[in-house]
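The structure is shown first, and the points follow by topic.

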Amino acid sequence: MTTYREFHRRSIEQPEAFWGEQAKLIDWRQPFSKVLDYSRPPFAKWFVGGVTNLCHNAVDRHLKDRADQSALIFISTETGANRTYTFRELHAEVNRCAAVLREQGIGKGDRILIYMPMIPEAAFAMLACVRLGAIHSVVFGGFAAHSLASRIDDAKPKLMFTADAGMRGGKPIIYQALVADAIRLSRHPPQKVVIVNRGIDQNLKLVAGRDLDYASLRDRHLSAQVPVTWLESSEPSYILYTSGTTGKPKGVQRDTGGHAVALAASMRYIYCGKPGETMFTTSDIGWVVGHSYIVYGPLIYGMASVMYEGLPIRPDPGIWWKIVAEHKVTVMFSSPTAIRVLKKQDPAHLRKYDVSSLRNLFLAGEPLDEPTARWISDALRVPVIDHYWQTETGWAILSSMPGVEATPTKFGSPSFPAYGYNVKLLHEGSGQELGANEKGVVTVEPPLPPGCMTTVWGQDERFVQTYFTSFKDRLTYTTFDWGIRDDDGYYFILGRTDDVINVAGHRLGTREIEEAVSGHPDIAEVAVVGVADQLKGQVPMAFAVVKDATKVATAEGRRVLEKEVFDVVDKALGAIGRPARVHFVTLLPKTRSGKVLRRSIQALAEDRDPGDLTTLDDPTGIEQVRAAIASMRAN
Ligand code: PRX
């Protein structure tokens, strides 16, 4: 491990020399004058004075050597569409899209909200935005009106880029109904909505003066050449909202130069891709994994990227391996939940395909259990690399780095701190640094490396308060995750320290779900907790106090109200936030100071010891939770 250790040590002790070298992996229009400006902690500015552009690095610069090589391989098992774009074709489409946006008055610093299914136009729009210096904020297509509206109100986009509909498991999801609701709920609705009409929503009606049909606009700009808007390294490239402790999602802001350098370096040292090869990341452009490794990372590195619209088991559970075989994928990135879904299927589907092109399978987003890791590494006969990171960091905090040194992996561990991250395990209360085998909070000594969030959009103070003030008298970045390190230096992640839950690798805030449930007029109060689930890792479970208890006096009454609550959540957040169950109680367990004992509720729901209950105000609350869970188990 000496090579890795030395590499990591150098990145921490000589960050300027280390990152100055990595910066050569991308094109700069003008060189930077200083690698790091850390004069205003914890705000770090990387590659100060350097001028560059993400779209240039992801697209234009490849025209010289690889114009006719595949860049974006779009495969939809939902509609049957298949289309590969070379770098030349991608360049043309991005220019067309940029011309459309420019014609609508979009320029540097303007925000564009992208609410799109997994179709190529979503990637064109992202790249077109960064080409113009506009700031995109992609909202996951599985989110519904309320989530969309709160992001609109925070980012205040001039324009929304969307589609008539998405498809999931063969069923259309009509986006325009959700968009209309979100615009109605929003205080700062976008002036223009550009709609990619896939022909799925037969009833699509454009609102005059606001809605524009993308195909007609594009037709006017078929040979457009839109010059790149060059940006200083620290200027923002995008905002991506993520959940935290409060009900209000935070706009994670990413810079330009640091982001490009970090992704390029990760392609080399972590993912070990090579220009000209193909990467397949099974996430969605609405999540950070999709931003970094469906769009920017592989393209910046000159690789082709597979963009897949569909489920992993349709038309059959061999579909991903078929894609790997047909496109000779060398780097694959997926999530533990997806692999658990595949594990339940007939392994013959996997054996049917030649997946020998794969070098490694990377998994992230949630804890990877040993049986799943073993199953997939045996089946594929390639190393499975569990790595750990967050929306905030944009790339891996902990990982094995085969491009630096092929260190052995341990099941259940995302290995070691990636270069650039000075990771420390700290005692939650005292902030003291912990040694091997002691459970603590996973933290990073700032400055955060290039590519990490630079601030919370429009709220510098919130950035500092939320992430850097957990420990007294010093600025330390907290990940809000518990972790432990073994004697060999391998880290293990043990769950969140806050109220964030992880459902099938999707990060959700329990407070957001609570707010959505409270939107039902019969609900007085609710607590939502994440409960361990074999397939999805965790699922949300709600314990709700009803205003009029007679409504839930019968099993039928409970069933009806539970269904109504599901519908309210589906409408507000999307099915992704829907609780697995809603239990009705007349009282929630609270401390005398009125704090809901979420950790005790969660422990009971997972059949564990609820812990210290001496601070309880009224024991009836916890008894009701216990009874509700017992009755669920009995049925
Ligand atoms: O709790 C950790 C968990 O997912 C959180 C970050 O989620 P998100 O912002 O959606 O970013 C995902 C990027 C891959 C973390 O705070 N998490 C992520 N990776 C792992 C993980 N938990 C355990 N093991 C992992 N490999």
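Leaving aside residues up to four places away in sequence, Asp 522 touches Val 545, Val 546, Lys 547, Lys 551 and Leu 561, where contact means heavy atoms within 4.5 Å. The model is predicted: local features need pLDDT of at least 70 and side-chain atom pairs count only at pLDDT 80 or more, whereas totals for chains, interfaces and linings use all residues. Residues are numbered from 1 along each chain as its sequence is written, and side-chain values use heavy atoms, with hydrogens and water left out.

**Asp 522**
- Asp 522 is placed in the loop between helix 17 and strand 30; helices (H or I, at least four residues) and strands (E, at least two) are DSSP runs numbered from the N terminus.
- Asp 522 counts as buried because its relative accessibility is 17%; buried means under 20% relative accessible area, exposed over 50% and partly exposed in between (1.4 Å probe, protein chains only).
- The side chains of Asp 522 and Lys 551 make a polar contact at 2.9 Å. Such a contact is a pair of N or O atoms within 3.5 Å; within protein, one must be able to donate a hydrogen and the other to accept it, and residues adjacent in sequence count only if both atoms are side-chain atoms.

**Helix 18**
- The buried residues of helix 18 are Gly 557, Leu 561, Glu 562, Val 565, Phe 566, Val 569 and Ala 572.
- These buried residues pack against helix 7 (145–155), helix 17 (510–518), strand 30 (523–533), strand 31 (537–546) and strand 32 (581–585).
- Just after helix 18, Gly 574 adopts a positive phi of about 110°.

**Second largest pocket**
- The second largest pocket holds about 460 Å³ of space. On a 1 Å grid over the protein atoms alone, a pocket is an open set of points with protein on both sides within 12 Å along at least five of seven lines, whereas a cavity is a set where a 1.4 Å probe fits but cannot get out; lining residues have an atom within 4 Å of a point. Grid points are joined across faces, edges and corners, and a volume is the space filled by probe spheres set on the points.
- Its lining has 19 residues, of which Arg 558, Arg 581, His 583, Phe 584 and Ser 631 lie nearest the centre.
- Helix 18, strand 32 and helix 20 (619–634) are the elements that give two or more residues to this lining.

**Cavities**
- The structure holds four cavities of 30 Å³ or more.
- The largest cavity holds about 90 Å³ of space, and Ala 44, Leu 448, Cys 452, Met 453 and Thr 454 are the closest to its centre among 13 lining residues.
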